[in-house]
Every structure is written in structure tokens, then in C-alpha cells.
Amino acid sequence: MASPDHAPRDRLGLLRLFALPGYRGTWIAGSIVSGVRWLEILAASVFVFQITASPFAVSMVMLARLMPNAALGGLIGSLATMFRRETLMAIGFISLGLTRFVLAGLVIFNAIEIWHVMVGMFITGILDCSEYPIRRSLQGDYVPPDQVQRALAFDQFSNVFTMMAGPIAGGLLLDYIGLHGAYLVGASLNAVGATIALRLPPPSNNRPPVRTSIVSNIRDGFRYIRSQHFLIGVLAVTVIFNVFVW
């Protein structure tokens, strides 16, 4: 006989999670972010290599996408405590959608240059590094505490799936339509993501924004990390993985 402590977990499966509007919305938004990310990476990388025949140029485009993770992660995490995370999500989707729409126009009018692609990748990287402090932290607030692990695990599974589906879609769009097709599809999906973000309900344990100093927030964060040996190890592994694997 199951103990009372395990009864809620047994009854609440993935279907029950998807019945929660907040979790369902953040999951769809995350799938859009991840799918378009890999779609764009494939399409932009192939396009740059076709123009330059330089693996180094391709690596610089990829570096532009990773730079915000190192430069802006702490800043975005601090902003997530000062403003409504749903609003920040919508701003990210809108900004990236407009960027991709402009890039598609540059391709159509044959005015696209490598630095345009790099700027687009940099802005994509900003939205990527907002995933954990904004979307996923918000996603965890939408589900009961004992379901957070299951909810985030399924979200990560969806991310892995889009790592396969995104490049396939990007390759097909690049082959049959061109780079502008990949950008236009990305812009359209970003519009869907912005609409979802604007319609998200406030979580039940909604924490009001706290207006504090960004510098002090970042300083307090580093001070806490230094006090936790486990977090230092996780941070070191993360740095090694992102520098040498991607």
C-alpha cells in the first residue's frame, strides 16, 4: 500500500502537469526556443561555410552565440528578481523575432553579411542564457514542489529531442527555400512564443519583484557560490563543457 507521502506523486503524471496552464505554456515556449536555436545554428553555419569556406568563420559565429552566457548571465539573473519573468520572456521573444525578420529581409535583398549573422547569433545567445533564471525558474513555480524534478526532466527531454528535429528542419529550409526561410520560420515561432508568454498566469507562489542593486545581487551570488564547494564544481564542469564541447 502506497504511503500518503507518495500518493500525490503517483496520481500526478505528465498529463496532470500539462493540465496546468503555466507549465504547459512554459514548456511550449521552451520547445520553441530550443527548436529554433538548433534550426538557426545549422542553417547559419552551413550558410557561412558556403560563403567563406572557413571553419574558423563558422566557429566565430558559434562563439557569438555563446558570448552572452559568459557576459550577461549574472545580469539577466538579477533582472529576473526585479521584473515579472513573464514580461521578460515576452520581451526576449519579441526582440529575437524582430531580429530574425530583419535578417530574413537582408537575405532576400542579397545584403546579408557575416557580421549580420553574428549579431543575430549574439541576440539568440541572450535569450538562451535567460532560460534558467527566467523560463525554467518560472516553470518550477507552476508545479507542486514534489513535481519539480519530473517537470524539469521532461522539459530537458524535449530540449534533447529538438536537438535532432531542429537541424533536420534547418537543413530542409536551407536546401529548399534558403536562409531567409529559416529566419522567417524562426520569427514566426518567436511571435507564437511571445503570445504564450504574455498569456501566462501568475504562479500560485508568485514572488513580487524586488528592486535591488544589480551589482550587489551579482556580488552576493558569487559570494554564495564561493561558500558552496558543490556549486564550484558544477560551475567548473559547466565552463569546461561550454568552452571545449560546443
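This is a predicted model: local features need pLDDT of at least 70, side-chain atom pairs count only at pLDDT 80 or more; totals for chains, interfaces and linings use all residues.
The crossing of α3 past α7 is left-handed. On the α3 side the contact involves V33, R37, E40, I41, A44, F47, V48, I51 and T52, which meet I114, V117, G120, M121, T124, L127 and D128 of α7. By class, the residues of the contact of α3 with α7 comprise 10 nonpolar, three polar and three charged.

Helix α7 also packs with α6. The angle between α6 and α7 is about 165°, and their axes are 10 Å apart. Helices α6 and α7 are therefore roughly antiparallel to each other, and their crossing is left-handed. The residues of α6 that take part are G92, F93, L96, T99, R100, L103 and L106, and those of α7 are H116, G120, I123, T124 and L127. The contact of α6 with α7 divides into six nonpolar, five polar and one charged residues.

A further packing partner of α7 is α4. Helix α4, residues 55–71, and helix α7, residues 114–129, pack at an angle of about 30° with their axes 7 Å apart. That angle makes α4 roughly parallel to α7, since angles under 35 degrees count as roughly parallel. The crossing of α4 and α7 is right-handed. Helix α4 contributes M60, V61, A64, R65, M67, P68 and N69 to the contact, while α7 contributes I114, V117, M118, M121, F122, T124, G125, I126, D128 and C129. Of the residues in the contact of α4 with α7, 12 are nonpolar, three polar and two charged.

Individual positions in these two helices were then examined. H116 lies in helix α7 and, at 13% relative accessibility, counts as buried. Apart from residues up to four places away in sequence, H116 touches L103, L106 and A111. A71 belongs to helix α4 and, at 59% relative accessibility, counts as exposed. The C-alpha atoms of H116 and A71 are separated by 20 Å, the two residues being 45 apart along the chain. For A71 and C129, which are 58 residues apart along the chain, the C-alpha separation is 9.8 Å.

In soluble globular proteins, nonpolar side chains tend to be buried together. The largest nonpolar core of the model has 26 residues, and those with the most contacts inside it are Y23, M89, F93 and I134. Two or more residues of this core come from each of α2 (14–18), α3 (21–52), α5 (73–82), α6 (85–108), α7, α8 (131–141), α9 (148–176) and α10 (179–198). A second, separate core of 23 residues includes W38, V107, M121 and Y183. Around Y23, with neighbours within four places in sequence left aside, the residues in contact are L17, F18, Q139, Y142, V143, A151, F154 and D155.

Eight of the 11 residues of α8 are buried, so α8 is largely enclosed by the rest of the structure. The buried residues are E131, I134, R135, R136, L138, Q139, G140 and D141. Their cover includes α3, α5, α6, α7 and α9. Among the buried residues of α8, I134 is also one of the residues with the most contacts inside the largest nonpolar core, and Q139 is in contact with Y23.

Backbone geometry was examined in two loops. A53, in the loop between α3 and α4, has a phi near 55°, a positive value in a residue other than glycine. At 54% relative accessibility, A53 counts as exposed. N110, in the loop between α6 and α7, has a positive phi of about 55° although N110 is not a glycine. At 72% relative accessibility, N110 counts as exposed.

How values were computed:
Residues are numbered from 1 along each chain as its sequence is written. Side-chain values use heavy atoms; hydrogens and water are left out. Axes are lines fitted to C-alpha atoms, for helices over the stretch in contact, and angles run from 0 to 180 degrees between N-to-C directions. Helices (H or I, at least four residues) and strands (E, at least two) are DSSP runs, numbered from the N terminus. Angles under 35 degrees count as roughly parallel, over 145 as roughly antiparallel, 65 to 115 as roughly perpendicular and the rest as oblique. A crossing is left-handed if the near helix is turned anticlockwise from the far one by less than a right angle, and right-handed if clockwise. Contact means heavy atoms within 4.5 Å. Ala, Val, Leu, Ile, Met, Phe, Trp, Tyr, Cys and Pro count as nonpolar, Asp, Glu, Lys and Arg as charged, and the others, Gly among them, as polar. A nonpolar core is a set of buried Ala, Val, Leu, Ile, Met, Phe, Trp, Tyr and Cys residues joined through side-chain atoms within 4.5 Å. Buried means under 20% relative accessible area, exposed over 50%, partly exposed in between (1.4 Å probe, protein chains only).
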